[in-house]
Amino acid sequence: MSHSLDRKSFLASMALAGAGVTLTGNSAFAHRRQPDNDPVPVGIIGLDTSHSIAFTRLINSPQSGVPTGFKVVAAHPYGSRNLEASNSRIPGYVEQIREMGVDVVDSIDELLQRCEVILLETNDGHPRLDQATQVIEAGKRMFIDKPVSASLRDTIRIYQLAEEHGVPVWSSSSLRYMEVAQQVRHEGAAGEVLGAETYSPASLEPTHPDLFWYGIHGVEILYTLMGTGCQSVQRIKTDGADVVTGLWAGDRIGTFRGIREGDAGYGGRVYGSEAILDLGDFGGYGPLLDHILDFFRTGEVPVSAEETIELYAFMEAADESTRQQGRAVSIAEVIANARS
């Protein structure tokens with residue numbers, strides 16, 4: 001059965017949740033909701049990305065007109081104070097989010113006092129461990145937008161902290177929720193997945209591992225199709241492109257092409273026991289947001305820590321392969337080194 005949610009049905013369920021109706025037995029908000037059934041307050045960390053603006057619009061003013069049961073009420077803009085690609089965007093996004101009635105606060109501590117759940121949106125991955133630690137220690141459910149952090153080591157540590165404190169967190173690119181990719185993953189649309197190839201833009205930021213910055217989108221699609229179990233990674237890198245090939249258990253092959261020259265988009269193809277399917281076009285942020293809000297309501301993570309850590313190890317192994325002149329690099333060794 002598909003884990004994807006029909007958007008109309010999901011928004012209807014959110015409306016019931018907003019009215020105080022508990023749809024699952026483990027709602028974290030039932031005992032904290034006010035008698036007037038105010039929506040659950042959402043906080044945003046990081047106003048250096050358009051995602052913060054897009055998510056706020058979709059949560060606070062859904063196009064369907066059906067209340068989501070949540071409301072973005074406050075945002076802390078930083079984020080990066082040093083990375084120019086991020087820091088230069090903050091003043092404009094601060095202005096936009098204020099126009100939507102969201103308060104801009106001076107600290108994460110103030111944000112946590114006002115909000116029940118958190119969207120960690122900072123583009124710069126370097127402050128992510130510190131930011132996530134504050135949220136986890138406060139016991140707040142958190143969605144972490146890409147990248148989880150600027151290193152595999154910090155990514156692993158964030159998930160360790162979440163487990164230690166019993167706080168559910170998860171991360172995903174919106175590209176995971178391409179319709180055909182979800183049908184392949186959860187409905188067996190291609191039968192058994194024997195292999196896949198995906199592509200996305202892969203611009204580089206010198207302060208981050210190469211694929212963490214933008215290539216992660218296409219890698220996320222690849223993992224949606226292939227799942228966990230990648231054993232080794234090899235990479236060919238030129239100025240204009242990356243080709244990263246992973247060998248999965250069962251001799252399955254998955255390939256990601258990162259594009260830096262020429263026309264660039266998002267997509268791929270899956271090779272299955274019953275069909276070869278093209279993934280089609282990216283459908284926007286709505287499906288990802290559906291899963292974020294469902295997670296906020298239930299505490300059930302739709303993407304496991306295991307899968308996300310392996311996905312980041314895949315990208316780290318690609319860098320290590322480049323350092324080793326394109327040799328195959330073991331995923332298990334990369335994870336072990338990051339944990340040590």
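**View 1. Threonine 228 lies in the loop between helix H10 (216–226) and strand S8 (230–237).** The model shown in every view is predicted. Threonine 228 is partly exposed, with a relative accessible area of 31%. Leaving aside residues up to four places away in sequence, threonine 228 touches Tyr223, Trp248, Arg252, Glu306, Glu307 and Glu310. Threonine 308 is 80 residues from threonine 228 in sequence, yet their C-alpha atoms are 9.0 Å apart in space.

**View 2. Helix H7 covers residues 152–165.** The buried residues of H7 are Leu152, Thr155, Ile156, Ile158, Tyr159, Leu161 and Ala162. An α-helix has 3.6 residues a turn, so residues three or four places apart point the same way. Among the elements that cover the buried residues of H7 are strand S5 (141–144) and strand S6 (169–171), together with helix H6 (128–137), helix H9 (210–213), helix H12 (305–323) and helix H13 (331–339). Just after H7, glycine 166 takes a positive phi of about 65 degrees.

**View 3. Six strands form an open sheet with parallel pairing.** The order of the strands is S3-S2-S1-S4-S5-S6. Strand S3 (103–104) and S6 stand at the edges; each has a single partner strand, so one side of each is left without a neighbour in the sheet. Within this sheet, strand S1 (residues 40–45) runs parallel to strand S2 (residues 70–76), and six bridges join them.

**View 4. Helix H2 (residues 50–60) crosses helix H11 (residues 286–298).** Two packed helices are described by the angle between their axes and the distance between the axes. The axes of H2 and H11 come within 11 Å and cross at roughly 70 degrees. H2 and H11 are therefore roughly perpendicular to each other. The crossing of H2 past H11 is right-handed. From H2, the residues Phe55, Leu58 and Ile59 make the contact, and from H11 the residues Gly286, Leu288, Leu289, Ile292 and Leu293.

**View 5. Seven strands form an open sheet with mixed pairing.** The strands follow the order S12-S11-S7-S10-S9-S8-S13. Strand S12 (276–278) and S13 are the edge strands, each pairing on one side only. H12 packs on the sheet, where it touches S8, S9 and S13, and the direction of H12 makes about 45 degrees with that of S8. Strand S7 (residues 193–201) and strand S10 (residues 252–259) run parallel and are joined by seven bridges. Glutamate 197 stands opposite threonine 255 in S10.

**View 6. Strand S8 pairs with strand S9 (residues 241–248) and with strand S13 (residues 329–330).** S8 and S9 run antiparallel, and seven bridges join them. The two strands are connected by a hairpin of three residues. Glutamine 234 has threonine 245 as its bridge partner in S9. S8 and S13 also run antiparallel, and two bridges join them. In this pair, serine 232 stands opposite serine 330 in S13.

Note on methods
Residues are numbered from 1 along each chain as its sequence is written. This is a predicted model: local features need pLDDT of at least 70, side-chain atom pairs count only at pLDDT 80 or more; totals for chains, interfaces and linings use all residues. Side-chain values use heavy atoms; hydrogens and water are left out. Helices (H or I, at least four residues) and strands (E, at least two) are DSSP runs, numbered from the N terminus. Buried means under 20% relative accessible area, exposed over 50%, partly exposed in between (1.4 Å probe, protein chains only). Contact means heavy atoms within 4.5 Å. The expected span of a helix is 1.5 Å times one less than its number of residues. Two strands pair if DSSP finds at least two bridges between them. Axes are lines fitted to C-alpha atoms, for helices over the stretch in contact, and angles run from 0 to 180 degrees between N-to-C directions. Angles under 35 degrees count as roughly parallel, over 145 as roughly antiparallel, 65 to 115 as roughly perpendicular and the rest as oblique. A crossing is left-handed if the near helix is turned anticlockwise from the far one by less than a right angle, and right-handed if clockwise.
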